[in-house]
Amino acid sequence: MQVIENLKVKEKAYIEKLKNGLTIIIVPKAGIRKKYVIFGTHYGSNDSKFIVPGENEVTEVPKGVAHFLEHKMFEQENGRNSLDVLSSLGVNANAYTTNTHTAFLYECTDNFYEALDEFMDYVQHPYFTDENVEKEKGIIGQEIMMYDDYPEWKVYLNALEAMYHNNPVKLDITGTIETISHIDKEILYKCYNTFYNPSNMCLVVCGDFVPEEILKEIEKRLINKNSSGEIKRIYEEEDESIVKPNIEVKMDVSIPLFTMGIKCKPANQTQKVKKDIAISILLNMIIGESSTLYQDLYKSGILLNSPSYEFDFTNEYAHILISGSSRNPQEFYNKLNEEIKNLKTNGLDKENFERIKKKLYGEYIKEYNDVSDIARMFLNDFMNGINSFEYLEEITSIDINYLEQVLKNDFDTEKMVFSVIKNS
Amino acid sequence: MNQGIKIHLINTNKFKTNLIAIFLSTPLERENVTKNAVLSAVLRRGCEEFKDQEEISKELEEIYGADFDCGLDKIGKNHVFKFYIESINDEYLPKKNENLLQKSIDMLAEIVFDPFIQEEKFCKDYVNQEKENIKQIIEGKKDNKSSYSLFRCMEEMYKNEPEGLYKYGYVEDLEKIDEKNLYEYYKKLINECKIDIFVSGKIENADVKRILEENKNIKKLDSRDPIYNKKEFKKKKQLEKENIVNENQEVTQGKLVIGYDVINSENDEFDKNLKYIGMMYNAILGGTANSKLFQNVREKASLAYTANSRYYYNYGNILVMAGIEISNYEKALKIIKEQVEAMEKSDFSDEDISNAKKIIISNIESISDEQDSEIIYFFGQELSEDNISIEQYVEFIKKVNREEIVEFAKKIKINTIYFLK
């Protein structure tokens with residue numbers, strides 16, 4: 001096992017890549033009762049066009065299969081539902097799907113190994129029938145309708161729609177009622193067999209474990225499966241330009257909602273973490289709680305609370321999002337643009353930069369408070385080819401010149417979109 | 001410490017952070033809810049040392065991104081102001097001797113007990129602006145359909161009673177509030193409320209005690225016989241006729257909420273076990289993925305994505321909620337009622353009981369793995385004066401049996417059926 005250690009946060013991670021290609025990451029936390037396991041496949045809503053290893057033809061499946069599979073994995077041949085079985089052991093089990101990966105997880109205090117039996121069994125044994133696939137369409141249909149009533153979700157998706165011509169990140173993870181109507185058990189099996197191969201998966205555990213012991217316990221529960229080789233994923237060519245700068249729709253909201261997006265170029269692997277940190281610092285300096293811009297907008301009543309901001313990136317796409325609510329979204333957007341221009345011309349304040357660096361350092365340390373946050377972070381970063389400790393290393397060495405370079409290159413006014421939802 | 005002000009120290013080495021909390025408890029009353037909401041927002045705008053939010057934010061960032069948070073909660077018949085600050089334990093800082101614990105405690109006490117005052121008044125701009133913001137929050141309660149439906153059902157069940165009040169108050173009460181009367185109110189509140197101060201983390205008790213005792217803002221607090229609502233036994237009778245409330249909004253999905261009362265007879269004494277039995281009942285009915293509601297409304301009938309129940313033991317209520325297609329109202333209502341009846345008929349397995357126990361116990365055992373949960377747990381014990389340890393809590397759950405759950409089930413009666421469509 002490879003051991004990596006971070007002396008700042010005083011934690012270690014043990015990493016093992018098995019012969020069948022599965023990566024196992026163990027983060028021991030002595031003295032904590034809660035244990036957390038997460039098993040992820042590098043397969044998300046974006047992967048609907050691909051070449052199955054060993055085939056020549058391109059396979060294209062309806063949008064929403066990854067999420068549909070996530071729901072259906074719990075069904076077992078013996079008629080039981082694994083979610084119920086896990087629940088009956090007193091563990092909290094769940095699953096989720098993102099644009100890039102699907103994850104199954106549970107957390108517990110007791111019955112850990114009984115739960116591990118069931119958990120690893122169901123993720124490795126799909127059971128789909130015509131009947132159980134049809135039934136799920138009703139439940140997912142209600143889930144889709146529930147999201148339809150979330151303006152926060154809509155304003156976010158609209159921003160992506162304004163940004164991307166072809167990249168599937170702009171589509172709803174669940175698919176639509178129309179696309180899921182075409183899903184059948186053959187499609188589910190095909191996608192399962194392609195993407196739920198150990199070489200495309202990663203398992204992270206966090207809790208009070210002896211690494212060698214828990215590794216053995218996991219290996220014992222793995223079925224025999226060989227590494228399948230590379231899955232060729234096909235994403236349509238995406239132009240660097242945006243689709244349209246503005247998008248506005250009407251919905252029942254008490255105050256207008258906005259998401260401002262900036263389309264960026266995906267960073268190469270070695271720059272990912274550094275760029276992520278640089279953009280976090282920049283966003284804090286531009287619109288964070290201590291920024292002049294935010295203070296002015298708050299005092300003038302344009303903003304009621306600080307907007308949330310994030311930098312979302314994979315190998316295929318990268319974008320910055322700033323979301324919130326405002327009495328006057330257009331005014332917010334104008335002022336934000338002015339501030340970005342101003343910082344580009346006049347440079348960044350050294351004192352602000354040093355202070356925000358301290359803030360981020362603290363935030364990264366806090367990520368290690370909870371076993372579930374730790375495990376999810378390691379999985380998520382793994383899917384992006386990153387080891388989570390890198391953030392604590394990079395933050396201390398990042399300099400202001402690099403930030404100014406990122407500000408010039410990535411905060412490009414030509415690549416900005418603004419999505420608004422207003423009351424009808 | 002002076003009477004009415006209580007210090008709680010929690011020694012734990014599970015976290016990278018120290019968490020400090022100050023809670024102010026005061027009776028929940030229509031007359032004061034809106035004031036409390038504005039006050040809580042005004043306090044975070046500035047204090048004597050850090051006059052505005054920019055100064056506060058900068059200081060928080062300077063101490064390695066300490067998180068400050070404040071909020072209001074309804075706990076039983078009390079309105080509780082909650083102020084938190086979370087900062088990194090010095091052990092994980094790149095530099096030594098930063099003494100973040102002291103800085104954090106001092107800062108939090110400053111914000112709560114030494115607000116920014118001009119001529120015996122709060123800052124006028126702060127008050128006016130926060131009134132506007134609270135107005136927005138009140139009007140925005142409709143935006144989240146799930147929480148809105150739950151609140152509306154509760155409101156219908158407790159018309160003109162404190163339990164039904166909205167924690168951020170009412171738009172029509174805002175205009176009476178100004179910088180002068182709000183400051184008067186603040187002074188009265190600080191002198192009368194129950195004050196609880198929590199410090200959790202890898203701490204030396206003696207150090208923390210010294211920091212608290214030497215803190216000028218805590219030192220100046222007077223002794224008080226705190227005014228707040230202690231736990232009481234609420235008598236509830238079955239309604240002759242249940243309330244039916246329909247509300248129309250532009251929604252794709254309907255939200256059905258059924259509010260149940262846990263009724264009791266005139267002669268019932270307050271039973272301490274009721275809480276634990278109720279938790280067990282709720283877990284079996286709709287608290288888990290194994291529950292009757294999840295299985296029958298979602299998995300079997302495929303009617304909903306969310307179908308669950310919550311037990312509000314402080315109020316003696318169970319609320320069942322399902323997000324359904326509007327045309328499926330009758331169908332869903334029927335299935336939900338069948339599940340509630342099944343509970344009464346003891347129609348659940350021994351496995352259901354043991355599963356519910358496992359889930360609840362696992363949740364209880366995780367309390368001390370989450371710093372804020374642990375504080376909230378001990379605060380709950382303090383308010384209810386139960387003083388049950390986490391170990392005892394587990395024992396009480398273990399003891400609950402089928403007969404008790406069925407007995408409890410017989411007391412569950414519909415009060416209100418609310419439908420947002």
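The exercises below, each with a worked solution, concern a predicted model.

**Exercise 1. Describe how helix 9 of chain A packs against helix 14 of chain A, and which residues meet.**

Solution. Two packed helices are described by the angle between their axes and the distance between the axes. Begin, then, with the geometry: helix 9 (residues 272-287) and helix 14 (residues 390-397) of chain A pack at an angle of about 60 degrees, and their axes lie 9 Å apart. Finally, list the partners: from helix 9 of chain A come Val273(A), Lys274(A), Asp276(A), Ile277(A) and Ile281(A), and they meet Glu390(A), Tyr391(A), Glu394(A) and Ile395(A) of helix 14 of chain A. By class, the residues of this contact between helix 9 and helix 14 of chain A comprise five nonpolar, four charged and no polar.

**Exercise 2. Carry out the analysis for helix 9 of chain A and helix 15 of chain A.**

Solution. Helix 15 of chain A spans residues 400-410, and its axis is 10 Å from that of helix 9 of chain A, at an angle of about 80 degrees. That angle falls between 65 and 115 degrees, so helix 9 and helix 15 of chain A are roughly perpendicular to each other. On the helix 9 side of chain A, the residues in contact are Lys274(A), Lys275(A), Ala278(A), Ile279(A), Ile281(A), Leu282(A), Met285(A) and Ile286(A), while helix 15 of chain A contributes Tyr402(A), Leu403(A), Val406(A), Leu407(A) and Asp410(A). Sorted by class, the contact of helix 9 with helix 15 of chain A has ten nonpolar residues, three charged and no polar.

**Exercise 3. State how many residues each chain gives to the contact between chain B and chain A, and what area is buried.**

Solution. Chain B gives 63 residues and chain A gives 58. The area buried between the chains is about 5500 Å², with 46% of it from carbon and sulfur atoms. On the chain B side, Lys16(B), Glu61(B) and Tyr305(B) supply 13% of the area that chain B buries against chain A, more than any other three residues.

How values were computed: Residues numbered from 1 in each chain as written. Chains lettered and ligands numbered in written order. Predicted model: local features only at pLDDT ≥ 70, side-chain atom pairs only at ≥ 80, totals over all residues. Heavy atoms only, no water. Axes fitted to C-alpha atoms, helices over the stretch in contact; angles between N-to-C directions. Helix = DSSP H or I, 4+ residues; strand = E, 2+ residues; numbered from the N terminus. Contact = heavy atoms within 4.5 Å. Nonpolar A, V, L, I, M, F, W, Y, C, P; charged D, E, K, R; others polar. Buried area = accessible area lost by both parts, 1.4 Å probe. Parallel < 35°, antiparallel > 145°, perpendicular 65-115°, else oblique.
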